Amino acid sequence: DESLNVKDVQKSPGLRDNIVVLGTVQPEGGEETVALLQVKDLPVYATAFHPEKPQFEWRSDLQINHSEHSVLANGHLAHSFVHLVRRNPNHFKADLDAESTLMESSDSVFQAWIPEAKRQGYFVEIYLLQ
């Protein structure tokens, strides 16, 4: 399991003193794990889920909550993130300058699809960029 356990965060001064746990999940029969966190002194956030899934993922074999509340809450998270990004004073002079920095414009030196993840209902792709 690759998740960050809430108990481990509480035990570790390095984690406890540097991150704020914003959201957790506790699977049936499992331990409470971190689902959303913020680094205390930096504008860094991390999710252990895909907030776009309630709106855009409709595979019947996945158990995704498509309720109005779920779609609105996850949409709010996305809009909040975009709002934070827009506060950054750094901007490209032109769209063409920005295009060269996009992941799609880079040559990847390694790309892997992890088929085990698909069986569990997750999409996992790894890129190493030059």
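What share of the contacts in the protein with a separation of 6 or more comes from residues 24 or more positions apart? In this predicted model, such residues account for 22% of those contacts, a contact being heavy atoms within 4.5 Å. Local features need pLDDT of at least 70, side-chain atom pairs count only at pLDDT 80 or more, and totals for chains, interfaces and linings use all residues. Residues are numbered from 1 along each chain as its sequence is written, and side-chain values use heavy atoms, with hydrogens and water left out.

The protein has six helices and five strands. Their order along the sequence is α-α-β-β-β-α-α-α-β-α-β. Helices (H or I, at least four residues) and strands (E, at least two) are DSSP runs, numbered from the N terminus.

Of the 130 residues, 16% are buried, that is, under 20% relative accessible area with a 1.4 Å probe and protein chains only. T33 lies in strand β2 (residues 33-39). T33 counts as buried because its relative accessibility is 10%. Beyond neighbours within four places in sequence, T33 contacts S3, L4, N5, V6, G23, T24 and V25.

The second largest pocket is lined by P43, Y45, F81, L84, V85, R87 and N88. A pocket is an open set of points on a 1 Å grid where a 1.4 Å probe fits, with protein on both sides within 12 Å along at least five of seven lines; lining residues have an atom within 4 Å of a point. Helix α4 (residues 68-86) gives the most to this lining, with three residues.

How values were computed. Buried < 20%, exposed > 50% of the residue type's maximum accessible area, 1.4 Å probe, protein only.
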